[in-house]
Amino acid sequence: AAGDPAAIQATEKAAFFMAIAIANVVTVFGVDTVVLGGGIMSAGDQVLRPLKAALAKRLTMVPAEEVTLVKAALGGNAGAIGAALAARVGDHTLSR
């Protein structure tokens, strides 16, 4: 809940660890846009604000301004939609 100290602390902790992972991906693979999905992203700016702040502290080889964080258009259903589409078109890449 917005303003709840425990929720704020949990969000900041999640943002801290997400920022470490994102900074590593940005640095190693040179991506400039990171698409974020899953249930936590339903919190929107309550997650994005601390995540961007934490990411700015973690990025050392790439300016934070050059990295764009965007919320996935399919939201929390992205995995299910992707699995359904893969099954429909016969994508068997996971079975190899």
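## Close-up views of a predicted model

View 1. The expected span is 1.5 Å times one less than the number of residues. Helices (H or I, at least four residues) and strands (E, at least two) are DSSP runs, numbered from the N terminus. This is a predicted model: local features need pLDDT of at least 70, side-chain atom pairs count only at pLDDT 80 or more, and totals for chains, interfaces and linings use all residues. Residues are numbered from 1 along each chain as its sequence is written, and side-chain values use heavy atoms, with hydrogens and water left out.

**View 2. The buried side of helix 2.** Val47, Leu48, Pro50, Leu51, Ala54 and Leu55 are buried in helix 2. Buried means under 20% relative accessible area, exposed over 50%, partly exposed in between (1.4 Å probe, protein chains only). These buried residues pack against helix 1, strand 1 and strand 2. Leu51 is in contact (heavy atoms within 4.5 Å) with Ala15, Met18, Ala19, Ile22, Leu36 and Leu69, leaving aside its neighbours within four places in sequence.

**View 3. Helix 1 and its cover.** Helix 1 takes in residues 5–29. Its 25 residues should span 36 Å at 1.5 Å a residue, and the end C-alpha atoms are 36 Å apart, which agrees. The buried residues of helix 1 are Ala15, Met18, Ala19, Ile22, Ala23 and Val26. An α-helix has 3.6 residues a turn, so residues three or four places apart point the same way. The cover over the buried residues of helix 1 includes strand 1 (33–36), helix 2 and strand 2 (68–71). Gly30 follows helix 1, with a positive phi near 70°.

**View 4. Strand 1 beside strand 2.** The two strands pair in the parallel sense over four bridges. Pairing requires that DSSP find at least two bridges between them. Val35 stands opposite Val70 in strand 2. From strand 1 the chain crosses through helix 2 to strand 2, a right-handed β-α-β crossover. Right-handed means that, with the strands pointing away from the viewer, the path from the first strand over the helix to the second runs clockwise.

**View 5. The largest nonpolar core.** A nonpolar core is a set of buried Ala, Val, Leu, Ile, Met, Phe, Trp, Tyr and Cys residues joined through side-chain atoms within 4.5 Å. The largest one has 17 residues. Ile22, Val34, Leu36, Leu51, Leu55, Val67 and Leu69 touch the most other members. Helix 1, strand 1 and helix 2 are the elements that give two or more residues to this core. The largest share, six residues, comes from helix 1.

**View 6. One aromatic pair.** A search of the whole structure finds one such pair. The ring centres of Phe16 and Phe17 are 4.9 Å apart and the planes stand at 80°, so the pair is edge-to-face. Rings of Phe, Tyr and Trp (its six-membered ring) pair if their centres lie within 6.5 Å; planes under 30 degrees apart count as stacked, over 60 as edge-to-face and the rest as tilted. Phe16 is partly exposed at 34% relative accessibility. Phe17 is partly exposed at 48%.

View 7. Arg58 is found in helix 2 (residues 45–58) and is partly exposed at 37% relative accessibility. Leaving aside neighbours within four places in sequence, Arg58 is in contact with Phe16, Ala19, Ile20 and Ala23. Thr60 lies in the loop between helix 2 and strand 2. At 69% relative accessibility, Thr60 counts as exposed.
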